[in-house]
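Biologist: Please take a close look at the ligand site. Which element gives the most to the shell around the ligand?

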Amino acid sequence: MAATYDVIIIGAGPGGYVAAIRAAQLGLKTAIVEREHLAGICSNWGCIPTKALLRSAEVMHLASHAKDYGLTIEGTVKPDLKGIVERSRGIAARMNGGVGMLMKKNKVDVIWGEAKLTKAASGDKPGEITVSKTSKKPMEPQVPAPKNTLGEGTYAAKHIIVATGARPRTLPGIEPDGKLIWTYFEAMVPAAMPKSLLVMGSGAIGIEFASFYRTMGVDVTVVELMPQIMPVEDAEISKFAQKRFEKQGLKFVLEAKVTKVEKGKDTVTAHIEKKDGSVEKLTADRLISAVGVQCNTENLGLEDVGVKLERGAIAIDGYGRTNVAGIYAIGDVAGPPMLAHKAEHEGVICVEKIAGHDVHPLDRALVPGCTYCTPQVASVGLTEAKAKEAGHDIRVGRFPFVANGKAVALGEDQGLVKTIFDKKTGQLLGAHMVGAEVTELIQGFVVAMNLETTEEELMHTIFPHPTLSEMMKESVLDAYGKALNI
Ligand code: FAD
């Protein structure tokens, strides 16, 4: 007889583990299945270890510019790659262990292994999954599975949530080999620093690695298919960021694609086809393939129980419900934006709906996006182009970092805060920022948009001085011709 739960979640990434905690808080008997690492890609190979690497890059940058701050450092500041990677891996392991503790604290059963849906719920009968031995190797450093972890077998639940995440997307003929062609996995743990690097794709993952390696002194070229880097961002912000990156020595080839890669003994030569059809050959030590991610929908038994996919992702409604009663999907496997905070929020919405709460469906338009390169980029809502496309008559406000006292005091006077309003209603449609700490600032605008704030309310809000946040208000004032410090 299969052990029976109210909720079983497949995948313990930020979507899955947060859903498990909330389900347990709501009094639902909950289990979570994981095949590789608690805390998922985010804490083990994504959000957190990249931020640890980028922090090392930031400290190195600051240390090598100590003179600008009136400080003398004897000798030159050099990266200790082993130390940088060990720090990043240690932080990943700490996050992973933390999720183990949270599962225990919330009395969520952890089942270790590879899960597959075998039966959908029908009438009073719960759905079922089987859990088999995982083929995944344990990651380094190893984090022991929490005590009392359950193993292979059949488990039943009234509600089964698929939260299996995503993996790197690969292009035919340019498949990562882990040696010369890297995905984010290898890029996160380099054994030696390459002298030169080619990054294919300028989305958040590509740009963050490009920024890290460039700060470490590597000769980096980024190839992007679209006419702008970070294609989902506002064109003006993207252009601003590109100029800053170029000042640091990053090189970009836009409106171009890598069509072929020749592997040498310790180098790769990429054939880069440009818009005009010409082909440039570029040789580098390593190539990072950062052309997006692909949902983990395979070998889950989705077809057997009739769950529908849409553009490679599990099709869901605003509450994570699939077309099959009792089966839900959240996070990366349920489609873009592929971000941890979207996965977490979806997880909470999904289990609260299961528990019968009156919840708002996910509003994808209000999911902020952040890229933690130097300078950072952050945004929420519509870009200027998208706002126009949607038929809005708009007002645009801008405020440069160079006119903000705190930014100047920090030695971070290059950046821009841009806000977009509907001219008629004063509704804040979008906010876009580039510069130091903007990934921390954006939340102010996310709250504002969530509360459907207008320009009036923002203008009557007091922002503390001296802070970078003052630029948010100034940008709003500028949209209405009332900026004070420019
Ligand atoms: P995942 O985190 O992918 O977790 C899914 C889990 O399911 C995994 O642990 C997997 O082992 C498990 N699993 C899969 N199949 C099975 C199965 N059959 N049985 C049992 N277990 C299974 N997002 C941000 O918001 N901010 C960032 O700064 C950021 N930086 C990133 C940097 C990099 C390099 C990468 C790669 C991603 C980054 N992301 C970032 C994206 C973020 O990591 C994902 O959006 C997030 O992890 C998605 O969470 P999830 O729970 O949907 O899936």
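Modeller: H2 does, with 4 residues in that shell. Helices here are DSSP runs of H or I of at least four residues, strands are E runs of at least two, and both are numbered from the N terminus. The model is predicted, with local features requiring pLDDT of at least 70 and side-chain atom pairs pLDDT 80 or more, while totals for chains, interfaces and linings use all residues. Residues are numbered from 1 along each chain as its sequence is written, and side-chain values use heavy atoms, without hydrogens or water.

There are 38 residues around the ligand, and those that come nearest are Gly15, Glu34, Lys51, Asp332 and Ala340; a residue is near if one of its heavy atoms lies within 4 Å. By class the shell holds 19 nonpolar, 13 polar and 6 charged residues. The nonpolar class is Ala, Val, Leu, Ile, Met, Phe, Trp, Tyr, Cys and Pro; Asp, Glu, Lys and Arg are charged, and the others, Gly among them, are polar.

Polar contacts (N or O pairs within 3.5 Å; within protein, one atom must be able to donate a hydrogen and the other to accept it, and sequence neighbours count only if both atoms are side-chain atoms) come next. A nitrogen atom of the ligand is 3.5 Å from a backbone N or O atom of Cys47. For Ala340, a backbone N or O atom lies 2.8 Å from a ligand oxygen atom. The side chain of His341 places an N or O atom 3.3 Å from an oxygen atom of the ligand. The ligand taken alone exposes 990 Å², and the protein buries 95% of that (accessible areas by the Shrake-Rupley method with a 1.4 Å probe; for residues, only the protein chains shown count as cover). Two or more shell residues come from each of H1 (14-25), S2 (30-34), H2 (40-45), H3 (47-64), S4 (114-119) and H9 (340-354).

Several of these helices also pack against others. Two packed helices are described by the angle between their axes and the distance between the axes. The axes are lines fitted to C-alpha atoms over the stretch in contact, with angles from 0 to 180 degrees between N-to-C directions.

The axes of H1 and H9 cross at roughly 30° and come within 8 Å. Their crossing is right-handed; that means the near helix is turned clockwise from the far one by less than a right angle, and left-handed means anticlockwise. In contact (heavy atoms within 4.5 Å) are Pro14, Gly15, Val18, Ala19, Arg22 and Ala23 of H1 with Ala340, Ala343, Glu344, Gly347, Val348, Val351 and Glu352 of H9. The contact has 8 nonpolar, 2 polar and 3 charged residues. Gly15 and Ala340, listed in this contact, are also among the residues that come nearest the ligand.

H3 packs against two helices, H4 and H6. With H4 (residues 81-105), the axes come within 8 Å and cross at roughly 145°, in a right-handed crossing. Ile48, Pro49, Ala52, Leu53, Arg55 and Ser56 of H3 meet Ile84, Arg87, Ser88, Arg89, Ile91, Ala92 and Met95 of H4. That contact divides into 8 nonpolar, 2 polar and 3 charged residues.

With H6 (residues 204-215), the axes of the pair are 9 Å apart and the angle is about 35°; the crossing is left-handed. H3 contributes Thr50, Lys51, Leu53, Leu54, Ala57, Met60 and His61, and H6 contributes Glu208, Phe209, Ser211, Phe212 and Thr215. The classes here are 6 nonpolar, 4 polar and 2 charged. Lys51, part of this contact, is another of the residues that come nearest the ligand.
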